[in-house]
Amino acid sequence: MIFAAIALFILMIACINYMNLSTARAGRRAKEIGVRKTLRCQSGHANCQFLTESFLVALLAMVIAIAAVELLLPVFNTEFALDLQLPLGDPHMQLLLGAVLLIITLAAGSYPALTFVVSSGAGAQRAFAATGACYFCEKGWWFFQFAISVVLIIATLLVGRQLDFLRNKNLGFNDKQVVLVRLDNSEIRQNRFQFKDRLRSEPGVRAVSLMSGEPGGFHDTMSHEVTGLDEKPRLRTVFSDVDYAKTLDIPIVAGRDFSESFSADGQQSVLLNETAVRKLG
């Protein structure tokens, strides 16, 4: 959806560019329109000409765009670990491309065509009177185009900062060289302790932990009774074995980690993160 929105904005900028460039060439086209008017060319024929020119430009651009997508899509998919396809043989895709071509032709070609309208009683010198009348309209197009460009630039900078944050932010645990296996197999789940021992015996495996969810992933939200508090705070909880913090290299800043030396750790002990400690006062 983000890519589609960006593409739509860029397409709108391109249409506005085409309209502005077409009207900017009004002086060059004045002689042509004047000669056609002298030869009693009807306004509808002139409009058709501009729409046809717009259609041919849009069609050529679409062919170049499809060729560029076919050429660059494998590189894009590899770079972003995606599997995007361009199903040109799909009737729905063909219908979409046809609709886009028609809309772009009308959007980019209608304004120049209306700008170059030649009224039936006007001479060649008045053929472009509409250009002056549309001065504020053209300024509005320029402003709209500039606004979209600014929004896209700001969005690009923000997304860049977000990606940099995701790459460099200290998550509080080690996510490198860690494999997360979801136990959606009932037989493995019933024999999870044997499964854990088998994994630990594999060469190259440093630590294994059984858990209900990874940090920032799946968790349960429960109300807890805390001594000294009248209300029951709702905390996000993860159930794990004694190897949870060790496997994910989660630092213990105070107190101790879970240990098999304490039998109560299996049922009654908890580890709180710093946010929970602050929330509980």
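Modeller: Strands here are DSSP runs of E with at least two residues, and helices are runs of H or I with at least four, both numbered from the N terminus. This is a predicted model, in which local features need pLDDT of at least 70 and side-chain atom pairs count only at pLDDT 80 or more, while totals for chains, interfaces and linings use all residues. Residues are numbered from 1 along each chain as its sequence is written, and side-chain values use heavy atoms, with hydrogens and water left out.

Biologist: What makes strand β1 (residues 220-223) and β2 a pair?

Modeller: Two strands pair if DSSP finds at least two bridges between them. Four bridges join β1 to β2, so they qualify, and the two run antiparallel. Ser223 stands opposite Arg234 in β2.

Biologist: Why is the contact of Asp241 with Lys196 called a salt bridge?

Modeller: The term requires a side-chain nitrogen of Lys or Arg within 4 Å of a carboxyl oxygen of Asp or Glu. The closest N and O atoms of Asp241 and Lys196 are 2.7 Å apart, so the contact is a salt bridge. The pair links distant parts of the chain: Asp241 is in the loop between β2 and α9 (244-247), and Lys196 is in helix α8 (residues 192-200), 45 residues apart.

Biologist: How do you know whether Asp241 is buried or exposed?

Modeller: Buried means under 20% relative accessible area, exposed means over 50%, and partly exposed lies in between (1.4 Å probe, protein chains only). Asp241 has 15%, so Asp241 is buried. Lys196, at 8%, is buried too.

Biologist: What makes Asp197 partly exposed?

Modeller: Its relative accessibility is 43%, so Asp197 falls in the in-between class. Asp197 forms a salt bridge with Arg200, with the closest N and O atoms 2.9 Å apart. Both lie in helix α8, three residues apart, about one turn of the helix.

Biologist: Why is the aromatic pair of Phe76 and Phe80 called tilted?

Modeller: Rings of Phe, Tyr and Trp (its six-membered ring) pair if their centres lie within 6.5 Å; planes under 30 degrees apart count as stacked, over 60 as edge-to-face and the rest as tilted. Phe76 and Phe80 are 4.7 Å centre to centre with 35 degrees between the planes, so the pair is tilted.
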